[in-house]
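My notes follow in the order in which I looked things up.

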Amino acid sequence: MNAKKLQIFQFPCRDDNYGVILRDRETGTTISIDAPETDAIDDVLESKGLKLTHILTTHHHGDHVAGNEALKAKYGCEIIGPKDEEAKIPGIDKAVAHGDTFEIDGHAISVIGTPGHTLGQIAYYFPDQGAAFCADALFALGCGRIFEGTPQMMFTALSRLQALPDETMVYAGHEYTLANAKFALSVDPNNQQLIDRAREIELLRDDGKPTLPTTMQLEKQTNPFLRASDPAIRAVLDMADASDLEVFTEIRSRKDRF
Ligand SMILES: [Zn+2]
């Protein structure tokens, strides 16, 4: 086991994606979470003098795997990705599934199945780093659009993520937070923490700063997709007696139309 802290670099790429690179300063192990875009990632690697050793792919969408093959050709990195969509992940060397744990250079990693957005999406949780890479499952104040799965799948995925420790740093695939905040206020308008957070988000975005990573605790307090049991949200939706899944499904469908 290697519990020492990794350096984590987050950087914007494409229109609204984030790239994330983790680096072990002593051994040189360098891991990219997804590969949204070859050049943006390679620029970061080059500027820091890093050699990419691993890509951890979360799901098959083009804006998460576009750089897989070119980066593998250049660096010979190992690509690890979701078993349930293995055939759609360019350059994949090793497939992992929900419940698996593995190590890279002694750093422990747990795989959390988060289907819904796609059928096989996974998140990577680094317990020793207190960091989870949730791609397009959990966003700051939002959750991924359900393209391939069902609301039940996404609800289960978010429940698994929500079970991580409160202090977990949550990284996500996109900077959608400002739009998510506007929607969140429409279903949870009297949540003072949400109101305060929405104001901070506006200021950050006005300055061109990222709103990620977030923490699990902050999401539990302000993200409506994790708050289906909240009486105030249920009152707004007029769903006092519905199940959590029914409330979640209604929130997701309102967001799709927002
Ligand atoms: Zn996606």
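This is a predicted model: local features need pLDDT of at least 70, side-chain atom pairs count only at pLDDT 80 or more; totals for chains, interfaces and linings use all residues.

**Entry: L158 and the core**

I asked for the partners of L158, leaving out residues up to four places away in sequence, and found that L158 touches A137, L138, C143, F225, L226 and F248. Next I looked up the largest nonpolar core, which has 26 residues. L138, L158 and L161 are the ones with the most contacts inside this core. I then checked which elements give two or more residues to the core: strand 9 (122-126), helix 4 (151-162), helix 5 (177-187), helix 8 (231-237) and helix 9 (244-257).

**Entry: L138**

I stayed with L138, whose place is in strand 11. Its relative accessibility is 0%, so I wrote L138 down as buried. Leaving aside neighbours within four places in sequence, I found L138 in contact with C143, L158, L161, V170, A172, M216, N223 and L226.

**Entry: the zinc ion**

Which residues coordinate the zinc ion? I found H59 through NE2, H61 through ND1, H117 through NE2 and D136 through OD, at 2.2 to 2.4 Å. Along the chain, I read the spacing of these donors as H-x1-H-x55-H-x18-D. H61 lies in the loop between strand 4 (54-56) and helix 2 (62-65), while D136 lies in the loop between strand 10 (131-133) and strand 11 (138-139), so the pair ties together parts that are 75 residues apart in sequence. I checked the exposure of H61 and D136 too, and both are buried.

I then turned to the geometry. The angles among the four donor atoms run from 88 to 175 degrees, and the site is irregular. Why not tetrahedral? Four donors count as tetrahedral if all angles lie between 85 and 135 degrees, and the range here reaches 175 degrees.

**Entry: helix 3**

Which residues of helix 3 (residues 68-75) are buried? I got N68, L71 and Y75. They cover an arc of only 80 degrees around the axis, which puts them on the same side of helix 3. On the face turned away from that buried side I found the exposed residues E69 and A73. Helix 1 (38-48), strand 4, helix 2 and strand 5 (78-82) are among what covers the buried residues. Just after helix 3, I noted that G76 takes a positive phi of about 65 degrees.

I looked for positive phi in residues other than glycine and noted A135, with phi near 45 degrees. A135 is found in the loop between strand 10 and strand 11, and at 5% relative accessibility A135 counts as buried. I also noted D238, not a glycine either, with a positive phi of about 55 degrees. D238 is in the loop between helix 8 and helix 9, and its relative accessible area of 71% makes D238 exposed.

Last, I looked at the peptide bond joining L212 and P213, which is cis, with omega of about 0 degrees. P213 has its place in the loop between helix 6 (192-206) and strand 14 (214-215).

Methods: Residues are numbered from 1 along each chain as its sequence is written. Side-chain values use heavy atoms; hydrogens and water are left out. Donors are N, O and S atoms within 2.8 Å of the metal (3.2 Å for Na, K and Ca); water is not among the atoms, so sites may look incomplete. Four donors count as tetrahedral if all angles lie between 85 and 135 degrees; four count as square planar and six as octahedral if opposite donors are over 155 degrees apart and all others between 65 and 115; anything else is irregular. Helices (H or I, at least four residues) and strands (E, at least two) are DSSP runs, numbered from the N terminus. Buried means under 20% relative accessible area, exposed over 50%, partly exposed in between (1.4 Å probe, protein chains only). The arc is that of the directions from the helix axis to the C-beta atoms. Contact means heavy atoms within 4.5 Å. A nonpolar core is a set of buried Ala, Val, Leu, Ile, Met, Phe, Trp, Tyr and Cys residues joined through side-chain atoms within 4.5 Å.
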